[in-house]
Every structure is written in structure tokens, then in C-alpha cells.
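Visitor: I have a structure to get through today and I would like to ask about it piece by piece. Can you put it up?
Guide: Here it is.
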Amino acid sequence: MDHFPGNWGRLRNDDYDAYGTFPIPHRPSNAPKDTFSEGVQRTQQPIVTGTSVLAIKFKDGILMAADNLASYGSLARFKDVQRLRPVGDYTVIGAGGDMSDFQYIQSLLDDLVVEEFTSQDGHNLGPKEIHEYLSQVMYGRRTKINPLWNSILVGGLKDGQRFLAYVDLLGTTYSADTLATGYGAYIAQPLLRRAVEGRADTLTEEEAAKILEDCMRVLFYRDARSLNKYQIATITASGVSISDSKALETSWEFAEGIRGYGAQTQ
Amino acid sequence: MNPMNTASHPQQRQFNPYTENGGTILAIAGLDFSVIAGDTRQSEGYNIQTRYAPKVFRLTDRAVLAVNGFAADGNMFVKKVKQRLEWYRHAHAKDMPLHAIARLIQTMLYARRFFPYYVYNILGGIEDDGSGAVYSFDPVGSYERETCRAAGAAQSLVQPFLDNQIYFKNQQPALGTSHPAHLPLPQVLRLVIDSFTGATERHIEVGDGLEMFVVLAKGHDLAGLEGIAGLQEMSTKSDGERIFVIRRELKKD
Amino acid sequence: MTSIGTGYDLSASTYSPDGRIFQVEYANKAVENSGTIIGLRVKDGVVIAVENLVHSKLLVPGANRRIQTVDRHMGLASAGFLADGRHIANRAREEAGNHRDTYRSPPTLKTIAGRLGLYIQAYTLYSSVRPFGISTVVGAVDKDGPALYVIEPSGVFYGYHGAAVGKGRQLAKTELEKLNLAEMSTREAVTEAARIVYAVHEDNKEKEFELEMSWIGDETKGLFIPVPKDLKEEAERKAKEAIEGDFE
């Protein structure tokens, strides 16, 4: 998974966009370029983007984390965005990638949940059903070459069954005890695996929350498109809850001891 | 030239609807059985996405399909094949024969000739005449019946090994003897396990877990399967062809 | 039936000389013979109760519900032709969904009742269609608080504190008028609704019936849902006691 959502689904091109600033100087033009290129232009690029989402299984359910930043290229544009959302009574989804596409996906899911509710047939959507629905939507859109530019984690618990799975703009899906999207796939996933693999059935909620917090901190240190303000979603048998935004404790003293670049010469 | 100035050389940025998810699959036909296997790692680039994503699927009591390539296409393709087989069952009150499934897969793949399912398929099972069979496909539907086939990330490592051990390529039989046309099940299983441990050692996209499906012809005895570690039966009835899975760990590095 | 034989009752697109549309009046007849439906708009919520007449012993008890859900916070019940009622419920769901898609917010009951009124009214304009044979009681708690409307076959709709349609509407209205609906809690309203439906049924005394009640209020977390089993049984027990009390 490429950390830069702007590069997803295409080769990285340093000549073209060395500093990841594409939204401002390179807005896509919808005007016809010549007599042959009329028609709907639907190949798109993400504009306002969210970075990593992390999630792990623990003894009693699922924990998911994402920060509150929505970036506009390299600009930290919106700093109070909720990237974790509840869907129905048993599920949370968390998204990286294009935030307007994510809002559209939320409205799709809201319509779906209302439709299921109004049928009053005694069935409720669980995380499995929501993930399957999302997968079909995402794969369907990629097949129309009109993707929803996101990578999404779906976590939940229903009838005592924990569920955690991934789906992205290509319709690729998978499931595991630890999942991470975006830059988190490189930096947090190895840490998560070391902490969780083989222990998903014994970890307590407190231990799991500590693991996620540590990973969010490492991501904030290393991912330039991240923020030290994040939320945690907890899904257990008692339901879904999404925390208020928390601040990450960070320490930058080590920077004082670094020598040899920038203005500091000795 | 200013690298940020794109006006002088217009660029087309295009969404790429495909990716590669690594892994390897393999199938070997015996006289009256077949073995269809795949590793369970799913990856993209240097990332392991998950250590368990099945690539081998039971279609009927005598047909197993292994899918490798772009995982999203693979899952969708298997889903659609299963749906067509269910419709066939509703229409004809029996399972579709293996050779018919093979042709069905060709038609379904070729229907997408100009926006292909980016997947390599290997279909294994038992024919109506009771013989073990393997069919291999390219992404747009070309197919043939074979005795063995490897596909996917480590195809170039595994296929030569199979050519040597199953077709006895580059081997001289001892004077007065000849190479066997078909190998017994225990030896085939050993070859499959060796293929995957070997591929795991030498290919970064192969590893984590191994799933081997064994399909036995009607009336076949268990032929050494009894008591094997990690064995699980998948057949729906016991008087027809029978399907088993054997699950093994592979190295996770 | 002065209208019969005059020819003015054959089409909804023709007025009679004294300015009536007989087809619409006939549609009202279809409503008048239906099982009673009452709606109570109280302090914190709405209760809809249906006297669900059981026309055959072969029907599965509890199946064939007459109260339908429109949105998370909204529901309705129709008296008259049940099939027309289902159609109008589907239309209401569509309207609610369209409102959500357009405005990204849940619709108010006033908007939905208005849309349904327009829709039903359109069926009183053409000779090629027949008016809806239903009166629909819609209830919700929206951003403006609890709301209750009734839409009639003509397409007119009024907002109510307490509403009753169907066979037992006269007695039900008399009973509703005695209540202090504006001060009542939804929980109390459930008990009163059950009592009124039982009393109304006792008055007519014919087929068996099942009481069906749904509510929305402070206790339901903003959802329009069936009244929980224990509360409903308690309300029915009290309703039966009240009837027996009347006889003594």
C-alpha cells in the first residue's frame, strides 16, 4: 500500500510530483482537450485525504484507531475530521484516502441501514454483511474505472463472532487479526503483528488500547500526513463506542542532539 | 526543465484497475485422484496483507478450483463460477461434470476478453470416467487438460521441478525399466509439499500456510490419507467422489 | 345513495352538479369498514395502535403486521385496502430516502405527510385511476418534536393530538378527547391506546382481533419500533380489566 493516496493505482512519478503537492498546481481539468476527448471524465485522483487506519482483534472484540486529519496534498487542511464511523449496531468502519468518497460511502451505508430497519424482519446487518456490501460497491466501481478512492477497515462483533477485514479502491479484500492501511501498513503493521499475533484471544482491552496508542505515536513521529489527535473505536458485546479525540504525548528532545544538517553545523 | 512544469509535456494519469497479490497454486492429476494446492499468503509489493486468504475452492464433490493473480478478480470469478454451478444444479438436479466446468470457465473468461479477469485458474478433480484430471487456463480462457500445472508467483520455480519429477524430463529410466505414467497419492503429496517448501524458501511472495485439496474417485480407498496430520473431509456424501483438505504451515518470513 | 344511476360517480375526473367527487367518497367507505387505528401524540412521543381483525383462524398469530416503518423515526398504519396501504408505505420510504439523499438529514413528518398528500391527491384527478381506499395515520418524532398526521383518500391531511380512523373511530375519538395528551408520557399513552382499542372493539363485537402497537419516544432512543412484549402485555391486561370494570 502506497502511503500517498494520490499515487494509488498508478506508478509513482517523481518528475511529475516530487513533493506530493499535486492538488494545488495540478487540478484535473474537465474541459475537453481536443475534439476526441469529449464525454465524461471519471478517472480521478483523491483531493482531501486521510492517512492510516489501524485495527486489532482483542479478547472481547475489536479496537480501531485513526487520527483526525484530512490533508489537502501536503497541507493539513481539516484537523477535526472523524474517520471512524459506526454502521448499524455492531460495526465500525474506518477510512483512509479521499474523504468526500468516504462521506459518500457513509451515505450509502446509512441508506442501507435504514432500508434494513424499515423492513422490520428481525434481521440486523452485522460487520460481515457490511463488509461484503462494501466490497461489492468498491469492486463494482473499480470495474467501471470510476473508483471510490479509499482503503477501508471494517470491524465488528455480532453473535459472539469478531470480524475484522479490509477493502480498497480495487475491491481487494482480506482479513487478519491486525490490519493497517496507508503508511500504517509499513510502519504500524509490523509492530501490531509483534504485539498481537497469537495473542488476539487473550489481550485485554487496556493492553490492546496501549498497543494502538503506541503505534499511533510512532506514525505521528514518522508520517508527515498524520496528526497527534486521534480517536479509538471499541466494539464489544456491549456495543459500539467511539472515543472523544485524544492527544498523543510526544517528546522531541532527541532533536536537540542531532547534528550535521540544516542550519546546525556542529 | 522545471520538473513541476507539466504544461510542456502533457501527461496522462490513469487509474490502474489491476494489482498482483502474489502466491502460487499447483495441481497434479493421478490415475484416479487429483491434488490441488495453494499457499495462503496474500501480498501486494513487499507487504503481506494477510497470512490466510484461501486461493483454492471446493466447487462440487468432484471439482476444485485454484485461482491466482489479482485477488479481487479471483474472488469475484470464483463467486460467479459457483453461482453458475448452482443454477446448473437447480436446472439439472446434478453436479456439472468436470469437463463441462472447464468449458464454462473458458466461456466466462473469454466473455471478458477486452477487460480480463487478471487471474490464472487451475481446475482439478475427477472426470465422469473416474480419471483424475487437471485443466489449466490463461486469463482470457485458453485451456488444456494436463497431468500437472503450477501457476502464480513461483511458477518458474515449481513447474521445472514438476516437469522433472512427474513427466521425468531429463531423466533416463534404468535399463530395462520405464517411467510410471501416474504416481501414487502419497508420493504426489510429498512432491506438493516439497514444491511449496521450496517456493517458500526462494520466493518472497510464497509462504505462511498451505492448503492441499485431495479429490478421490468413487470407490477409491483412502490410499494412505488416513491419520495424516491436518486432514479434513469436505465431501457432502460418502458414496461418491470424496474431497479432503490437508492444511500445513509454511515459513512466515 | 343519491349518486347511483346519475353517471357522476363513474369517474374521479368528473364532479357531480353539486360539486362532489363520488369516487373519493366511495373510497372513504372502504376506510370506514376497516379495523380501527388510533394515533396518540403526547409529550415526548407518538403511539400508533391497530385493531388488527383476524379474518381466519388459519393465520399465524403475530404475522401480517399492519403498522409499517418508514424511516428510523417514522411509521404509519393505513385503514382501508391493505394493499393500498403497503403501496403508500413504500412511497413514504422512497420520499424519506430521497429527502435524506438530497438534504443529508432525516425528513420531518410534515414534509412526508405533505408529499404523501400530493401523491394521493393525484389519484383523484384522472378517469384512468382509482383513488386510494385508505386513510393513513403517520407518526414520528422529528426535529420539531412529536408529530401525528392523518392523510385521507382525497389527499387532505391534518395534524392531530389524537387521531382515529376506521370502524370504531367515533367512540375512539370520544375517548381520546377525555385524555390530557399534551402532558402524557409515551409509556402512559401505550396503556391508554390499548384500553381504547379494546373498548372500541368491545363496542362492535365481531371477529377476533390482535392488538398491534408501535411507539417512538424518550424510551426508544429515537426509533419507531414495536412496543416491547412486556409493556404491551401489561397494557392489554389493564385494558381487559377496564372493560370488565365497565360491566360491573
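Guide: One term before the chains come up: a contact means heavy atoms within 4.5 Å. Also keep in mind that this is a predicted model.

Visitor: Which chains share the most contacts, then?
Guide: Chains A and B do, out of the two pairs of chains in contact.

Visitor: Give me one example of something joining A and B.
Guide: Glu132(A) forms a salt bridge with Lys79(B), and the closest N and O atoms are 2.6 Å apart. Glu132(A) belongs to helix α2 (residues 127–143) of chain A and Lys79(B) to helix α1 (residues 71–92) of chain B, so this pair joins two chains.

Visitor: How many salt bridges does the structure hold over all chains?
Guide: It holds 45.

Visitor: Now chain C against chain A. How many residues does each put into the contact?
Guide: Chain C gives 12 residues and chain A gives eight residues.

Visitor: And what area is buried there?
Guide: About 840 Å² is buried between chain C and chain A, with carbon and sulfur atoms giving 53% of that. On the chain C side, Thr69(C), Arg72(C) and Arg104(C) supply 49% of the area that chain C buries against chain A, more than any other three residues.

Visitor: Arg72(C) again, please. What does its side chain meet?
Guide: The side chain of Asp110(A), in a salt bridge of 2.2 Å, N to O. The rule finds two salt bridges across the interface of chain C and chain A. For polar contact across that interface, it finds three residue pairs.

Visitor: Which elements of chain C supply the side that touches chain A?
Guide: β3, α2 and β10 (225–226) of chain C each supply at least two residues of that side.

Visitor: Let's look at β3 of chain C. What sheet is it in?
Guide: An open sheet of five strands in chain C, in the order β3-β4-β5-β6-β7, with antiparallel pairing. β3 (67–71) and β7 (157–159) of chain C stand at the edges with a single partner strand each, so one side of each has no neighbour in the sheet. From one strand to the next, the twist averages 25 degrees.

Visitor: What holds strands like these together in general?
Guide: Strands of a sheet pair through backbone hydrogen bonds, either parallel or antiparallel.

Visitor: How many bridges join β6 to β7 in chain C?
Guide: Three bridges join strand β6 (residues 145–151) of chain C to β7(C), and the two run antiparallel. Val150(C) stands opposite Tyr158(C) in β7(C). Helix α2 (residues 82–103) of chain C packs on this sheet, where it touches β3, β4 (74–80) and β5 (134–142) of chain C. The direction of the helix makes about 15 degrees with that of β3(C).

Visitor: And β10 of chain C, where does that sit?
Guide: In another open sheet of five strands, ordered β8-β1-β2-β9-β10 (chain C), where the pairing is antiparallel. Its edge strands are β8 (162–165) and β10 of chain C, and each pairs on one side only. Strand β1 (residues 37–41) and strand β2 (residues 46–53) of chain C pair over five bridges. One of the partners there is Val50(C) in β2(C), which bridges to Ile37(C).

Visitor: What packs on that sheet?
Guide: Helix α4 (residues 169–177) of chain C does, touching β1 and β8 of chain C. Helix α5 (residues 186–204) of chain C also packs on the sheet, touching β1, β2 and β9 (209–216) of chain C.

Visitor: Back to chain A. What joins β12 to β13 there?
Guide: A hairpin joins β12(A) to β13(A) through two residues. Four bridges link strand β12 (residues 229–236) to strand β13 (residues 239–242) of chain A, running antiparallel. Thr236(A) has Gly239(A) in β13(A) as its bridge partner.

Visitor: Last topic, confidence. What are the scores?
Guide: The model scores ipTM 0.91 and pTM 0.89. Mean pLDDT is 88 for chain A, 93 for chain B and 94 for chain C.

Visitor: Where does pLDDT stay under 50 in chain A?
Guide: Over residues 22–30 of chain A. Where pLDDT is low, the predicted coordinates should not be read in detail.

Technical notes. Residues are numbered from 1 along each chain as its sequence is written. Chains are lettered from A and ligands numbered from 1 in the order in which they are written. This is a predicted model: local features need pLDDT of at least 70, side-chain atom pairs count only at pLDDT 80 or more; totals for chains, interfaces and linings use all residues. Side-chain values use heavy atoms; hydrogens and water are left out. pLDDT is the predictor's confidence in each residue, from 0 to 100. Two strands pair if DSSP finds at least two bridges between them. Axes are lines fitted to C-alpha atoms, for helices over the stretch in contact, and angles run from 0 to 180 degrees between N-to-C directions. Buried area is the accessible area (1.4 Å probe) that two parts lose on being put together, summed over both. A salt bridge is a side-chain nitrogen of Lys or Arg within 4 Å of a carboxyl oxygen of Asp or Glu. A polar contact is a pair of N or O atoms within 3.5 Å; within protein, one must be able to donate a hydrogen and the other to accept it, and residues adjacent in sequence count only if both atoms are side-chain atoms.
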